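Trainee: Please take one part of this model and go through it closely, then connect it to the rest of the chain. Which details would you point out?

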Amino acid sequence: MKIKFDAYEIAQSPLHGADKIYSRPAIVNPQTIPTRDVMEKVSGECTLTPIDISAVIGSLARHLNQQLLQGNAVHLDGIGTFSLSLKFDDATKPKADLTARDVRVAGINFTPDHALLAEVQREAKFERSSALRSSVVGEGDAILRLREYFQNHRNITKRTFQELLGLKYGRATKLLLALEAKNKLGIVKVGQTNFYYPGPTL
């Protein structure tokens, strides 16, 4: 499967003494694969059950947290290295005046394992896409696509709705709520999953 990308333009900061425009690539509407899907995939390739894998992930997350809180970096073979990124509340303060109260955790760095990065770089294939971005997909677009979809399906999940319209999670949630409020969609919850079906005004 090819990675869909689009190009966008950015201007170099005037602070660098230039006003050139540069083009950069960006993945179009990337989907976030939930932990459940990862667990099921891994379970199908080994003797561990999804419950076993969930326990391993939970334990790994706790151990990672403990090591990071000690200022350590954690390396996982075949995956990469996790480490803390720090910042000062006021970076203009003289170095001699900075104390422990001035420092905060800015984030967690991830550096991919060289083998993982090399494999992704070697195998990646790309395709230019003109897909709509989440910010410009409106209710009208969603209604048209849903009418087509429901010709062959009885219901739709949020994840499928995201994929159908190329939406990010937050944008999909807002659109589904708006369509539900206008009776374009009805909703039934089964376990942790919401199933949406055609409403009376769709």
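**The pairing of E8 and its surroundings**

Mentor: Strand E8 and strand E9 (residues 193-198) run antiparallel and are joined by six bridges. Two strands count as paired if DSSP finds at least two bridges between them. Strands and helices here are DSSP runs, strands (E) of at least two residues and helices (H or I) of at least four, numbered from the N terminus. In general, strands of a sheet pair through backbone hydrogen bonds, either parallel or antiparallel.

The model is predicted, so local features need pLDDT of at least 70 and side-chain atom pairs count only at pLDDT 80 or more, while totals for chains, interfaces and linings use all residues. Residues are numbered from 1 along each chain as its sequence is written, and side-chain values use heavy atoms, with hydrogens and water left out.

Within this pairing, Ile 187 stands opposite Tyr 196 in E9. The sheet is open and has three strands in the order E7-E9-E8, with antiparallel pairing. Strand E7 (156-157) and E8 are at the edges with a single partner strand each, so one side of each has no neighbour in the sheet.

Phi of Asn 183 is near 60°, a positive value in a residue other than glycine. Asn 183 is partly exposed, at 42% relative accessibility; buried means under 20% relative accessible area, exposed over 50%, and partly exposed in between (1.4 Å probe, protein chains only).

Rings of Phe, Tyr and Trp (its six-membered ring) pair if their centres lie within 6.5 Å; planes under 30 degrees apart are stacked, over 60 edge-to-face, and the rest tilted. One of the pairs is Phe 5 with Phe 126, edge-to-face at 6.4 Å centre to centre with 90° between the planes. Phe 5 is in strand E1 (residues 3-11) and Phe 126 in strand E6 (residues 126-128), so this pair links parts of the chain 121 residues apart. Phe 5 is partly exposed, with a relative accessible area of 23%. Tyr 149 and Phe 150 are another edge-to-face pair, at 5.7 Å centre to centre and 75° between the planes; both residues are buried.

Lastly, helix H1 (residues 35-43) has Asp 37, Met 39 and Ser 43 as its buried residues. They are on the same side of H1 because they cover an arc of only 160° around the axis, taken from the directions from the helix axis to the C-beta atoms. Their cover includes helix H2 (50-68) and helix H5 (158-165), contact meaning heavy atoms within 4.5 Å.
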